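Please look over the sequence and the model shown here before reading the notes that follow.

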Amino acid sequence: MAAVQVTNEDGSPIPVAEIPKPAHYLPLWEQKHALLDLYVYLDPEEDFQSFDDISKLVWKQQNLAFGNLTDVRVEEITLDLSPEIQRNGSLYAHMFVTHKGHSPDPDAKTYDDDKTLHYKKLLTRFQKKHKTVVKKSLVKKKAEDDQLVEAVPEVDDSKWVSYWWQNLTICLVGDIVTIPSGVPQPILEHIDLAPDGIHYYPVFYTDDFWLLSEQLQPINQTLKSVNLTLKWEPKSWWYFQLLTTMEDSFNQQMTMMGSDRRETDEMKRMFSDTNPILLGITMFVSMLHSLFDFLAFKNDITFWKDKKNTEGMSFRTIVMNVFFQLVIFLYLLDNETSWMIIISNGIGLVIEAWKINKTVIVKTTAAFPYVTFIDRFKPSKLAKKTRKYDEMAFKYLSYVLYPLLAGYTIYSAIYEEHKGWYSFVVGTLVGFVYMFGFINMTPQLFINYKLKSVAHMPWKTFMYKALNTFIDDLFAFVIKMPWLHRIACLRDDLIFFVYLYQRWIYPEDKRRRNEFGQVGDADGANDDDFLSDNEEEDDDKDKKDEKKDEKKDEKKEEKKKDAEAVSTSASKAEASSDGLKGRKGFKEDDE
């Protein structure tokens with residue numbers, strides 16, 4: 001069906017912009033399986049006119065059936081780059097699709113505008129020059145060549161250069177459908193209307209959705225030739241809508257939310273390399289992951305909001321978590337991570353610090369470590385026992401933790417390269433946290449073992465976080481990463497199963513306070529019921545020590561009162577003496 005030009009009464013054409021918008025756009029090409037021809041020209045000019053230059057025609061395909069999605073054709077060619085292109089010049093691909101027997105040249109007799117499609121694509125992609133991070137070994141001696149490389153100043157990432165992608169996928173939507181005029185803007189941008197403003201030409205475009213930044217090859221004067229894979233691949237209407245909407249969503253995330261292109265590339269790689277069934281499961285559990293994160297956050301805040309002591313909880317583990325979160329936060333800043341991830345980590349750091357402030361008062365001191373913690377409330381016997389076991393656990397933990405830290409630091413300094421000493425410190429610490437951070441969870445296991453109870457733990461928060469660890473395990477096998485990292489994702493599961501084992505072997509004691517401070521037995525407030533024989537002996541010693549301290553305090557108070565009484569008497573005597581002297585002097589003056 002030929003498009004009809006809408007005209008006024010005087011015969012002058014009405015611009016498309018002034019034609020009333022229809023409810024639907026109708027297809028201009030309605031003949032299914034009509035034979036088509038494809039022409040691909042390469043030219044440095046954006047406006048192509050050189051149809052007579054056969055050397056610019058690099059690919060021609062004939063007898064392509066319109067709407068046949070199985071007719072896929074591929075050809076690989078090698079292109080010699082001109083000096084202009086090597087110096088950031090432009091190279092366009094001009095693609096024409098015509099009905100069989102028609103020419104793409106507007107000056108030819110067989111040219112028909114309604115039966116010709118044209119699409120141009122800039123093959124030399126101009127982007128900011130990828131920033132080069134220069135790393136070096138901080139202890140090894142460098143060779144002269146390496147020293148020369150390091151002497152080069154840092155690359156200016158504000159400079160725009162051209163890159164080459166070796167894939168050119170030409171797509172034509174072959175479905176004959178009626179398109180609503182209210183389709184989303186990203187899809188509407190690909191719809192080319194006929195002069196009548198009612199019919200539309202078939203959607204003709206190039207598919208760049210699967211382009212990854214790491215696949216781009218920089219163009220410079222040393223690059224003499226490049227490879228180009230030409231591919232004709234018809235698409236269905238729903239597939240075109242899906243990829244166009246996803247591409248627009250990715251662009252909005254990068255523009256509005258500060259996401260990095262590397263994150264978008266990782267998502268695309270996951271879509272292309274993952275089994276569709278596993279990908280569907282991953283998308284479902286990712287929604288569960290977000291839900292569990294919210295519930296864990298909610299219950300964690302609820303638990304610590306009403307917490308007034310550290311009974312059964314490892315306070316040193318909480319402090320260590322703050323340090324770990326701070327290290328990870330500095331590492332993210334040093335590696336130019338997206339602001340969305342940095343803000344999320346910063347909020348977690350603030351929450352961990354808030355937990356400390358809820359249970360103790362933090363004061364600074366002049367001596368190392370320059371801070372001291374004072375209980376906000378008088379600790380109970382159970383809290384004292386918890387503190388004692390916490391000290392024991394970290395004492396044993398230090399025998400393992402410090403040698404591992406020293407060994408990893410030496411290894412990182414000798415065998416790894418860093419941007420500088422600051423990056424070395426932060427990178428080494430975050431590497432240590434990444435590899436051995438799970439050891440920090442073991443003091444809580446030790447406290448549970450000594451108290452023979454897990455009733456003091458925030459189990460709701462813990463279960464939500466534990467469920468997320470299993471979801472992280474699934475992501476570890478979907479997202480591209482080294483096997484060492486995948487194995488490391490399973491390490492927290494071991495701690496989780498040990499917690500579950502402790503919950504199973506330690507029977508529920510309804511007299512014990514739970515994470516909400518509730519007890520099932522009226523006698524539950526008595527902490528003496530939770531102490532073993534040895535602990536009772538220690539408790540008796542603590543009571544004796546407390547009595548001794550009380551007696552000492554009483555003696556100090558008595559001495560203080562006696563000293564104050566003596567001081568008061570002396571002050572009165574001195575005042576009387578001064579008064580007499582004053583009166584005597586007055587009489588002498590009067591005489």
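At what angle do helix H7 and helix H9 pack, and how far apart are their axes? Helix H7 (residues 315-334) and helix H9 (residues 381-415) pack at an angle of about 55°, with their axes 8 Å apart. The model is predicted, so local features need pLDDT of at least 70 and side-chain atom pairs count only at pLDDT 80 or more, whereas totals for chains, interfaces and linings use all residues. Residues are numbered from 1 along each chain as its sequence is written, and side-chain values use heavy atoms, with hydrogens and water left out.

**Helix packing**
- H7 and H9 are therefore oblique to each other (angles under 35 degrees count as roughly parallel, over 145 as roughly antiparallel, 65 to 115 as roughly perpendicular and the rest as oblique).
- Phe315, Arg316, Thr317 and Met320 of H7 meet Arg387, Asp390, Glu391 and Phe394 of H9, where contact means heavy atoms within 4.5 Å.
- The residues of this contact comprise three nonpolar, one polar and four charged (Ala, Val, Leu, Ile, Met, Phe, Trp, Tyr, Cys and Pro count as nonpolar, Asp, Glu, Lys and Arg as charged, and the others, Gly among them, as polar).

**Open sheet**
- Three strands in the order E7-E8-E13 form an open sheet with antiparallel pairing (two strands pair if DSSP finds at least two bridges between them).
- Strand E7 (124-128) and strand E13 (217-218) stand at the edges with a single partner strand each, so one side of each is left without a neighbour in the sheet.
- Five bridges join E7 to strand E8 (residues 160-164), and Lys128 stands opposite Trp160 in E8.

Conventions: Helices (H or I, at least four residues) and strands (E, at least two) are DSSP runs, numbered from the N terminus. Axes are lines fitted to C-alpha atoms, for helices over the stretch in contact, and angles run from 0 to 180 degrees between N-to-C directions.
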